[in-house]
Amino acid sequence: MTSRSFYAVGYMFLITAFFSTLIIGFARGTQNRVLVNERLAFEKAVLTSFGNFSYRTDAEVNRLFQEHLAQSPEYGKAWVYRKDGVLVGFALPFEGKGFWAPIKGVAAVSSDGRTLLGLAFYEVNETPGLGARIAEPFFRRQFDGLRLRSEGLLELKPEGTVLSEGQVHAISGATQTCVRLEAILNEQLKDWLDTMRREGRL
Amino acid sequence: MKTASVKPMQEILRDGLWKDNPIFRQILGICSTLAVTNLVLNTFVMCTALTLVTALSCWTVSLLRNWTPRNIRMMVQTLIIAFYVIIVDVVLKAYWPDMNRSLGPYVGLIITNCIVMGRCEAFAGSNPPMSAFWDGFFNGLGYSAVLLVIAVIREGLGMGTFCGWPLPYFSTHWDKWIIMVMPPGGFFVLACVIWVCRSIRPREVKK
C-alpha cells in the first residue's frame, strides 16, 4: 500500500467517524420524542381499528386510550376494550415482513373472537401508490365486521372476484404486499385465537 | 482539487432556476417528482428537505475539496449527503411524525437523488464553499418550483383542494380527476410542464 492509499483510508475512516458521531448524538437527543410519537401512532391505530372513537388532538387520543383500553396477562399481547364495564373486543397488535419493510398494525377482534371489527396500521413502508395503499381507508374498511372462517381465517382475493365469507379484495399491483399481509394476519390471529380458546377465555 | 473561476451569483441563480433547471432541462430527480406531487403540502416539505440537503451537502463537499483524495471523492460525497438526509429524517420523525409517515421512504431516497450528487460532483468539487452553497440552493429551488406547479395542478384537479383546503368550483362542481392523484397523473402533468417550459425557450434546446 502506498502512502496515498493510507491517506485515503485514514481520511475516509476519520470522516465517517466524525459524521457518525454527530448523527448518533443528534438521534440520542431526539430519542425520547421519537418514542413518544411511536407510542401515539400505536394508540391512534388501536382507536382507529375499533372505528367508533373520534378525536382531534393527541391529548384526546391518549385520554381515550387510557380510559377504554387496558392490557391484562390472561389475554396475552391483546389490548382489552371495555365500554361501561362491558367487554367490546380486543385490539391485537400484529407485525411481520412486508414486501420492502416491516408492516405493523392492529386488528380489532370482537369479544367472541369470530369477527374482525376493523384494521389499522401504524407502520407501513411499502411501495407508495401500490402496497402502501393497504393503510388507506378504502382497503381497511373491507375488514370492518368481517366474519372470520374457522380454517384460514381470512383471504385476500383479486379485485373483481365475487367474495364469500372471510374474503376481501386485494389491491391490484400490490400482490406481494397483499400476500404477505394475508399471511401475517392469518398466522398471528390464529395463534392468538387458538391460545385464547384453549385457555377458555373466548 | 483545483478551484474554477468563481461564477457570478446571478449566473448561478439563472442556471439553477431556469437555464439548467434540474427537472425540465436535465430531467433529474424524476422519481420523487412523480411520487410526492399529489399533495402540495407533502411536496413543499420534500422540496424544503431537498433544497437544504443539496445546499448544505454542496457547501460541505466544497469545504473539504482540498483534502479529499480524488479516488474516494464519490464515497465522501455520498457520506455527506447521507448525513444531511438522516438529520432531516430524524427531525421529521421527532417533530412532524405524520409528515414523516406520509413521505414514507422518499426522504431517505434523497440520498440517491441525482440532483444532489450531480451538483456535488459538477460544481461543489471545484468551487468555493459559498458559491457551492448557493448553487445547491438555487438548483433545489429550481426543482421545488417545478414540483410545486405540478402538485398544485394534481391536487387541484384530482381532489379539488389546495394544501387540504377546498378550492372554489373545484371542490364543488368539478368532476374530480382521480387519475391526477395516482402515479400516471404525475407523468401527464410532468410531461405538460416540460413541454411548456421548453416551448418558452426552444432555441436553447436546439443549441
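This is a predicted model: local features need pLDDT of at least 70, side-chain atom pairs count only at pLDDT 80 or more; totals for chains, interfaces and linings use all residues.
1. Hairpin from β4(A) to β5(A). A second hairpin is formed by β4(A) and β5(A), again with four residues between the strands. The turn contains G113(A), whose phi is positive at about 75 degrees. Here six bridges hold β4(A) and β5 (residues 115-123) of chain A together in the antiparallel sense.

2. Are β4(A) and β5(A) mostly covered or mostly exposed? Strand β4 (residues 102-110) of chain A is mostly covered, with seven of its nine residues buried. Strand β5(A) is likewise mostly covered, and seven of its nine residues are buried. As a general point for reading such strands, side chains in a regular strand alternate between the two faces of the sheet.

3. The sheet as a whole. These strands belong to an open sheet of six strands in chain A, ordered β1-β2-β3-β4-β5-β6, with antiparallel pairing. Strands β1 (69-71) and β6 (146-147) of chain A stand at the edges and have a single partner strand each, so one side of each lacks a neighbour in the sheet. The partner of β6(A) in the antiparallel sense is β5(A), through two bridges. In that pairing T115(A) stands opposite R147(A) of β6(A).

4. Helix over the sheet. Helix α4 (residues 175-198) of chain A lies across β3 and β4 of chain A. Relative to β3(A), this helix runs at about 130 degrees.

5. Overall form of chain B. Chain B has nine helices and two strands. Along the sequence, the pattern is α-α-α-α-α-α-α-β-β-α-α. Its C-alpha trace spans about 60 × 45 × 25 Å along the principal axes. Does the radius of gyration of chain B agree or disagree with that of a compact globule? For 207 residues a compact globule would have a value near 17 Å, and chain B has 18 Å, which agrees. Of the 207 residues in chain B, 43% are buried. Among contacts in chain B with a separation of 6 or more, 75% are made by residues 24 or more positions apart.

6. A buried position in chain B. T54(B) is located in helix α3 (residues 40-63) of chain B. T54(B) counts as buried because it has 34 C-beta neighbours inside 10 Å, the cut-off for burial being 20 or more. Beyond its neighbours within four places in sequence, T54(B) is in contact with I115(B), V116(B), R119(B), G136(B), N139(B) and G140(B). Between T54(B) and V91(B), which are 37 residues apart along the chain, the C-alpha separation is 17 Å.

7. Interface between the chains. In the contact between the two chains, 19 residues of chain B meet 20 residues of chain A. Which helix gives the most to the side of chain B that touches chain A? Helix α4 (residues 73-95) of chain B does, with nine residues. By class, this side of chain B comprises 16 nonpolar, two polar and one charged residues.

8. The axes of helix α1 (residues 3-50) of chain A and α4(B) come within 9 Å and cross at roughly 10 degrees. Angles under 35 degrees count as roughly parallel, so α1(A) is roughly parallel to α4(B). On the α1(A) side, the residues making the contact are M12(A), I15(A), T16(A), F19(A), I23(A), F26(A), A27(A), T30(A), R33(A), V34(A) and N37(A). Their counterparts on α4(B) are M75(B), V76(B), L79(B), F83(B), I86(B), I87(B), V90(B), K93(B) and A94(B). This contact of α1(A) with α4(B) has 15 nonpolar, three polar and two charged residues.

Terms used: Residues are numbered from 1 along each chain as its sequence is written. Chains are lettered from A and ligands numbered from 1 in the order in which they are written. A residue is buried if 20 or more other C-beta atoms lie within 10 Å of its own, exposed if 12 or fewer, and partly exposed in between; C-beta atoms are placed from the backbone. Two strands pair if DSSP finds at least two bridges between them. The radius of gyration is taken over C-alpha atoms; the globule rule is 2.2 Å times the number of residues to the power 0.38. Two residues are in contact if their C-beta atoms, placed from the backbone, lie within 7 Å. Axes are lines fitted to C-alpha atoms, for helices over the stretch in contact, and angles run from 0 to 180 degrees between N-to-C directions. Ala, Val, Leu, Ile, Met, Phe, Trp, Tyr, Cys and Pro count as nonpolar, Asp, Glu, Lys and Arg as charged, and the others, Gly among them, as polar. Angles under 35 degrees count as roughly parallel, over 145 as roughly antiparallel, 65 to 115 as roughly perpendicular and the rest as oblique.
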